[in-house]
Each structure stands twice: as structure tokens, then as C-alpha cells.
Amino acid sequence: MRLHLDTDLGGDPDDVCALAMVLGWPGVEIVGVTTTGDPDGRRAGYAEHCLRLAGRPDIPVVAGAGTSTTGVPMGGLPDHARYWGVPVDPRPAPPEAAIDLLERSIDQGATIAAIGPFTNLARLHQARPGRLDGVPVVAMGGWLRPSAPACPPGARTWTGTRSATPAPPS
């Protein structure tokens with residue numbers, strides 16, 4: 001199985017654990033990593049650092065969206081020295097680079113594992129409508145809250161437990 005990881009790695013340990021898991025999973029080939037919530041490329045630098053530690057510097061890593069599609073900045077990073085303890089160079093990239101890497105991964109038959117905000121996927125859909133049609137996407141959501149009023153109807157997210165009949169977005 002080919003896999004593309006779209007992640008907000010760099011703060012909480014969950015994304016690093018997910019990366020380590022898929023690196024060691026028999027039969028999984030990671031063909032690309034894009035980061036989101038990454039206005040300066042720090043998350044991409046962290047992902048690349050982790051891949052180097054795992055002996056996989058060959059996997060392409062590209063910094064993606066730094067802000068949501070509404071322009072709202074996404075979550076920040078914790079104190080670098082406390083959480084990383086070693087120098088890690090940021091890896092900024094042009095805005096379209098993450099979309100290009102996602103598309104290359106799709107062309108290689110990859111499943112997209114989205115484990116951060118889904119902004120890179122939204123930007124791919126906006127830039128190249130229909131490109132995600134038929135592509136297997138596995139999405140993990142660990143922190144959801146009501147979206148900004150600027151988000152279009154149907155693009156809203158909610159916190160809490162979903163009931164069998166969720167309330168419609170307002």
C-alpha cells in the first residue's frame with residue numbers, strides 16, 4: 001500500500017507516533033508527507049528530522065497550508081527547546097508545492113492519510129476540482145470546534161459526541 005501522510009506534526013506526540021507506526025508497518029510505502037498549519041515550514045522541518053532519525057531521508061516532505069482557507073491562522077507550536085531540544089531547520093515551501101506533492105502521490109496510487117487540519121486537501125480540491133474523486137482518504141480528527149462564521153455551509157465542524165441523528169449545521 002502506498003500512503004501519503006498529511007499532518008500537523010510538531011506539537012503533540014500523536015502525529016510523530018503515527019509516522020513511526022506507518023514507517024514500520026509491513027507492506028506500507030510512504031510516498032510523501034505534507035504539513036499543514038505550517039506558515040514558516042517548521043512542521044515540515046520536524047517531519048524531515050523524524051524521517052532522518054528513522055533512516056528515511058528519501059521520503060519527500062513539503063510544507064503546506066499556513067492558514068485555513070478562510071485566512072484564519074491555525075494552531076501554533078509549543079516551545080521548540082522544550083519539546084525538541086536539538087536544532088531543526090524549517091523547510092518553507094511555495095504555496096502550490098504541497099498540492100503538487102499530493103497530486104504526485106495520488107498519481108502513484110497512494111491513499112491519503114489526513115491526520116491534521118484538512119486544509120491541504122481543501123486547497124487541492126479548489127485548485128484542481130475533481131482531483132480527489134475516487135482517491136482513498138483516511139481522515140483522523142482529534143480536535144474539532146465550531147468553525148468560523150466565514151466558512152461556507154456544510155464545511156462546519158463540531159465538538160463533542162455525535163448522536164445517531166446529528167443536528168444540521170447552523
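Hi everyone. Before the details, two words on conventions. The model is predicted, so local features need pLDDT of at least 70 and side-chain atom pairs count only at pLDDT 80 or more, while totals for chains, interfaces and linings use all residues. Residues are numbered from 1 along each chain as its sequence is written, and side-chain values use heavy atoms, with hydrogens and water left out.

Let's start with the overall layout. The protein has 5 helices and 5 strands, taken as DSSP runs numbered from the N terminus (H or I of at least four residues for helices, E of at least two for strands). Read from the N terminus, the order is β-α-β-α-β-α-α-β-α-β. Of the 170 residues, 36% are buried, meaning under 20% relative accessible area, with exposed over 50% and partly exposed in between, for a 1.4 Å probe and protein chains only. The exposed surface comes to about 9500 Å², and carbon and sulfur atoms supply 58% of it; that area is from the Shrake-Rupley method with a 1.4 Å probe. Among contacts (heavy atoms within 4.5 Å) between residues at least 6 apart in sequence, 73% join residues at least 24 apart.

Now to the inside. Which residues have the most contacts within the largest nonpolar core? They are Leu 5, Leu 9, Leu 19, Ile 30, Val 33, Leu 51 and Val 61, in a core of 19 residues. By nonpolar core I mean buried Ala, Val, Leu, Ile, Met, Phe, Trp, Tyr and Cys residues joined through side-chain atoms within 4.5 Å. At least two residues of this core come from each of S1 (2-7), H1 (14-24), S2 (29-35), H2 (42-53) and S3 (61-63). H2 gives the most, with 5 residues. Another core lies apart from this one, with 9 residues, among them Leu 102, Ile 112, Leu 121 and Leu 132.

Leu 121 takes us to helix H5, residues 119-127, where Thr 119, Asn 120, Leu 121 and Leu 124 are buried. The cover over the buried residues of H5 includes S1, S2, H4 (97-107), S4 (111-114) and S5 (137-139).

Last stop: His 49, which sits in helix H2. Why does His 49 count as buried? Because its relative accessibility is 13%. Leaving out residues up to four places away in sequence, His 49 touches Trp 84, Val 86 and Val 88. Pro 90 is 41 residues from His 49 along the chain, and their C-alpha atoms are separated by 9.9 Å.

Thanks, everyone!
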